[in-house]
Amino acid sequence: MLPPQQPHIPAWPGPPRNVAINTKIDEVMAATALAVLDLNQQQIGVAGVTRVANFLRGNTTVSKLRLNGNSIGNDGASALGLMLRFNKKLQSVYLTDNKIGDDGAIPLFEALGGNNTLRGLVLDNNRIGDEGANQLSVP
């Protein structure tokens, strides 16, 4: 039996507009034994978080991801949701204050069903309504 084909995370729309942020992402991801990826309050947006998601897809060292306050929105949350289907190392993901609504929360919640390592997903101060919250209770 062939292994299931892994969906591709869509190509990110280019580097973050701020060159300093792009450099910070490069520096952080270049660390070889990185256990905590902390990009809180860096305003990396969708472009930056998609790049981070591609990096983390098969990463085996990062166990904690901090992306609070980055305005990643629904598209960024969807990219992270797809990544979480394949990453088997992350234990905690912090996404407070990222303008994530139902359309972004649903892919994150759907990924939880196939991820046995994630123990914490923090989504405080986002725009998740009843539709997104109800997805948590769907088997």
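Trainee: Is helix α4 mostly covered or mostly open, and how many of its residues are buried?

Mentor: This is a predicted model, and in it helix α4 spans residues 102–112. Asp102, Gly104, Ala105 and Ile106 are buried there, as are Pro107, Leu108, Phe109 and Ala111.

Trainee: Which elements do the buried residues of α4 pack against?

Mentor: Let's follow those buried residues, which include Ile106 and Phe109. Their packing partners are two helices and a strand: α3 (73–84), α5 (130–135) and β4 (120–122).

Trainee: How do the axes of α3 and α4 run, roughly parallel or roughly antiparallel?

Mentor: Two packed helices are described by the angle between their axes and the distance between the axes. Here the axes of α3 and α4 come within 7 Å, and they cross at roughly 5°. Angles under 35 degrees count as roughly parallel, so α3 and α4 are roughly parallel.

Trainee: Which residues meet where α3 and α4 touch, and what classes do they belong to?

Mentor: On the α3 side you will find Asn74, Ala77, Ser78, Leu80, Gly81 and Leu84. Facing them from α4 are Asp102, Asp103, Gly104, Pro107, Leu108 and Ala111. Sorted by class, this contact has six nonpolar, four polar and two charged residues.

Trainee: Where is valine 52, and is it buried or exposed?

Mentor: Start with its place in the chain: valine 52 lies in helix α2, residues 45–56. Its relative accessible area is 0%, and the limit for buried is under 20%. So valine 52 is buried.

Trainee: Which residues is valine 52 in contact with, leaving aside its neighbours within four places in sequence?

Mentor: One of them is methionine 29, which is 23 residues away along the chain, with 8.1 Å between the two C-alpha atoms. With those neighbours within four places set aside, the contacts of valine 52 are Ile25, Met29, Leu37, Leu39, Ile44 and Leu65.

Trainee: What is the phi of serine 71, and where is this residue found?

Mentor: Serine 71 is not a glycine, yet its phi is positive, at about 50°. With a relative accessible area of 29%, serine 71 is partly exposed. It is found in the loop between β2 (64–66) and α3.

Trainee: Where is lysine 99 found, and what is its relative accessibility?

Mentor: Lysine 99 also has a positive phi, of about 60°, although it is not a glycine. Its place is the loop between β3 and α4. Lysine 99 counts as partly exposed, and its relative accessibility is 44%.

Trainee: How many helices and strands are there, and in what order do the elements run?

Mentor: The protein chain has five helices and four strands. Read from the N terminus on, the order is α-β-α-β-α-β-α-β-α.

Trainee: Where in the protein chain is confidence lowest and where is it highest among these elements?

Mentor: The chain averages a pLDDT of 84, and 81% of the residues score at least 70. Over residues 1–15 the pLDDT is below 50, and this stretch has 24 contacts in the model beyond near neighbours in sequence. Among the helices and strands, the lowest is helix α1 (residues 19–30), with a mean of 71, and the highest is strand β3 (residues 92–94), at 98.

Definitions and conventions
Residues are numbered from 1 along each chain as its sequence is written. This is a predicted model: local features need pLDDT of at least 70, side-chain atom pairs count only at pLDDT 80 or more; totals for chains, interfaces and linings use all residues. Side-chain values use heavy atoms; hydrogens and water are left out. Buried means under 20% relative accessible area, exposed over 50%, partly exposed in between (1.4 Å probe, protein chains only). Contact means heavy atoms within 4.5 Å. pLDDT is the predictor's confidence in each residue, from 0 to 100. Axes are lines fitted to C-alpha atoms, for helices over the stretch in contact, and angles run from 0 to 180 degrees between N-to-C directions. Angles under 35 degrees count as roughly parallel, over 145 as roughly antiparallel, 65 to 115 as roughly perpendicular and the rest as oblique. Ala, Val, Leu, Ile, Met, Phe, Trp, Tyr, Cys and Pro count as nonpolar, Asp, Glu, Lys and Arg as charged, and the others, Gly among them, as polar.
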